[in-house]
Amino acid sequence: MMMASTTVEGALLKLPSLRIMSSSPRLNGRNSLRLPVNLGVRAITSASAAEAARVPIPVDDTKLGPGSLGHITRPDFPILHQVVDGKKLVYLDNAATSQKPIQVLKAEEKYNLYDNSNVHRGIHTLSVRATDAYEQARQKVANFINAADSSEIVFTKNATEAINLVAYTWGLTNLKPQDEIILSVAEHHSNYVPWIRLANTTGAVLKIVSLTEDEVPDVESLKEMLSEKTKLVAIHHVSNVLGSILPIDDIVSWAHGVGAKVLVDACQSVPHMVVDVRKLGADFLVASSHKMCGPTGIGFLYGKSELLNAMPPFITGGETIVDVYLDHATFAESPSRFEGGTPPIAQAVGLGAAIDYLSGIGMQRIHDYEVELGNYLYKSLLSVPNVRVYGPAPSEEVERAALCSFNVEGVQATDISFFLDRLVHEHAIAVRSGHHCAQNLHRYLEGTKEEIKPSARASLYFYNTKEDVDNFIRGLTEAISFYASIV
């Protein structure tokens, strides 16, 4: 029988007071964030899929064989070798959360066994060791993204908190009515909802960048939107749905030309490629540990020193202050002013170990391998009848991330995900189904302003292999045949 389908995300936000402007097509922001039906998006047809399949995709199978990076690193990840309900695990949900190598698990264990103490507050041996480990992790993050100084790295609970920190400190301090914030329709909710609330609070206006015919955020449209009213561009580096990669250095240059600041959501880029904040020129950049082989519960905000030190504290209390008097307090410089209370110390140690691990492999090596494996995934998916893959087709000129969000004609994404996890004969294949925290993007892709059709997503990391992709494709084919047989 047909498995029940569910929608992961919650109800649509309605914000009557929010003013939204958009490139063509225009968002209707008077009463809600609902998108209009007629968006000029290409029809989803078998013919378009066949046409895309003819696009030359460079895949070097010699890089994906037994000596590949995936095969070499896989032994470091104990979780990947488990059996789920009697079947071998195939983990393809890395865009949501990556797995941790044994080196990260041991680093956290060592801290908890021998160094557990609070930081910055004691001179006894354990506190000194804990403080050293915590600050060493900050320096590792700074080195990893080439920040000018470790003080430009603020540890947060996750990237979502990092974006909210900027919205409620820099945003509330600097935005006024009629100022403009530019976003794309492809932003993750974490890089969308904070700006909605900020616009409601300050009277600022959101301007929304739509997609090109190739399903990539239209950066030329973004460039045209920029004006002296633009105060912030908040944009992703790599889309968690489309797999598209944006030219952040160009966007930053254009934005700075009109005096605007740029915040980059780098959650899908920092784990997968070389990211150099000084070359990009971004004013703020955020990422999450749990997407880069590190622990959950910690992320980071990068910000230019002059900006961070001009921003008020986000959460006040212990660690954020210099002096406290009966009627006022003075605050420390960054990063202390933004890290009130006991921080996630063990998680920071684990993040530091994850950075050591990734650096030991080499981010360019990781990226090059994922390009090959990601192209193989894309090409393999297009070979399956009635599958629609979202985002640009990879080619010699177009590079996309190693993830594919897709739908199968006549089958719900949640049913596909359930079948892959539970009903495939030899493997338990973990893929994501839902809106991937991008409801507006799914409305856009489907040309609807009401019901939101979810998609399935297979996302790779460097420890995945060609065999993982092959097992996924076999399982997907099996799922499609199963659902076709019961209609």
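**Exercise 1. Is Phe 462 buried or exposed?**

Before we start, note that this is a predicted model, where local features need pLDDT of at least 70, side-chain atom pairs count only at pLDDT 80 or more, and totals for chains, interfaces and linings use all residues. Residues are numbered from 1 along each chain as its sequence is written, and side-chain values use heavy atoms, with hydrogens and water left out.

Step 1: Buried means under 20% relative accessible area, exposed means over 50%, and partly exposed is in between (1.4 Å probe, protein chains only).

Step 2: look up the value. Phe 462 has 0% relative accessibility, so Phe 462 counts as buried.

**Exercise 2. Work out how the rings of Tyr 461 and Phe 462 are arranged.**

Step 1: learn the rule. Rings of Phe, Tyr and Trp (its six-membered ring) pair if their centres lie within 6.5 Å; planes under 30 degrees apart are stacked, over 60 edge-to-face, and the rest tilted. This rule gives 14 aromatic pairs.

Step 2: apply it. Tyr 461 and Phe 462 sit 4.5 Å centre to centre with 65 degrees between the planes, an edge-to-face pair.

Step 3: do it again. Tyr 461 and Tyr 463 have ring centres 5.4 Å apart and planes at 70 degrees, so this pair is edge-to-face.

Step 4: zoom out. Ring pairs join Phe 77, Tyr 357, Tyr 461, Phe 462 and Tyr 463 into a cluster.

**Exercise 3. Describe the chain as a whole.**

Step 1: count elements. The chain has 15 helices and 17 strands.

Step 2: check burial. Of its 487 residues, 56% count as buried.

Step 3: look at contacts. Among those between residues at least 6 apart in sequence, 72% join residues at least 24 apart.

Methods. Helices (H or I, at least four residues) and strands (E, at least two) are DSSP runs, numbered from the N terminus. Contact means heavy atoms within 4.5 Å.
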